[in-house]
Amino acid sequence: MRVLLIDPAGAQRYVTHNAGLAFLSGALLARGHDVRVLDLNNYDCSDDEAAEYARAFKPHWVGASVKTALVSSAEKTMRAVLSSCPDAHTIAGGPHISVLRESYLSRQDVFEYGLAGEGEVAFPDLIEGKNPR
């Protein structure tokens with residue numbers, strides 16, 4: 001599967017890289033998936049450019065790391081990306097999902113799935129059609 005992982009742009013830019021997406025991409029690569037990471041928090045890239053990148057990559061899955069302060073940024077970027085690959089499945093992970101879980105997912109219309117906690121096993125299982133642990 002082709003998987004695009006996104007770290008949305010936020011107010012604290014150029015501070016650190018998203019270790020969670022690094023671990024997740026490593027787990028996906030180890031299981032044979034084609035993974036790309038768009039780090040919009042450390043590299044300048046507009047939503048239109050992110051959408052164009054997604055159009056060229058043609059991901060089956062698009063995931064975003066969602067921190068509470070970046071919910072609107074993550075949703076905005078995801079909408080732009082989905083405009084160029086509307087058949088891709090979407091998943092949100094990160095601290096916001098881990099804390100709020102279903103209460104967040106039920107109030108938004110961008111993410112099909114939410115992943116609470118560490119996803120190195122559960123996310124590959126999900127996209128491979130296995131029962132996520």
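Okay, let's start with a term: buried means under 20% relative accessible area, exposed means over 50%, and partly exposed is in between, using a 1.4 Å probe and protein chains only. By that rule Leu24 is buried, because its relative accessible area is 11%.

Quick housekeeping. This is a predicted model, where local features need pLDDT of at least 70 and side-chain atom pairs count only at pLDDT 80 or more, while totals for chains, interfaces and linings use all residues. Residues are numbered from 1 along each chain as its sequence is written, and side-chain values use heavy atoms, with hydrogens and water left out.

Back to Leu24, which sits in helix α1. Helices (H or I, at least four residues) and strands (E, at least two) are DSSP runs, numbered from the N terminus. So what does Leu24 touch, not counting residues up to four places away in sequence? Leu5, Gly119, Glu120 and Phe123, where contact means heavy atoms within 4.5 Å. Take Gly119: Leu24 is 95 residues from Gly119 in sequence, yet C-alpha to C-alpha they are 6.5 Å apart in space.

Leu24 also brings us to the largest pocket. A pocket here is an open set of points on a 1 Å grid over the protein atoms alone, where a 1.4 Å probe fits, with protein on both sides within 12 Å along at least five of seven lines; lining residues have an atom within 4 Å of a point. The largest pocket has 20 lining residues, and Gly20, Leu24, Gly93, Gly94 and Gly117 lie nearest its centre. Two or more lining residues come from each of α1 (19-30), β3, β4 (89-93) and α4 (95-100). The space in the largest pocket is about 340 Å³, the volume being what probe spheres set on the points fill, with grid points joined across faces, edges and corners.

Now the strands. In β1 (residues 2-7), 5 of the 6 residues are buried. Strand β1 pairs with β2 (residues 34-39) in the parallel sense over 6 bridges; pairing takes at least two DSSP bridges between two strands. Arg2, for example, has Asp34 as its bridge partner in β2. β1 also runs parallel to β3 (residues 61-65), joined by 4 bridges, and there Leu4 is partnered by Val62.

Last one: Gln108, in the loop between α5 (102-105) and β5 (113-114). Buried or exposed? Buried, because its relative accessible area is 12%. The Gln108 side chain reaches the backbone oxygen of Leu105 at 3.0 Å and the backbone nitrogen of Phe111 at 2.7 Å.

Technical notes. A polar contact is a pair of N or O atoms within 3.5 Å; within protein, one must be able to donate a hydrogen and the other to accept it, and residues adjacent in sequence count only if both atoms are side-chain atoms.
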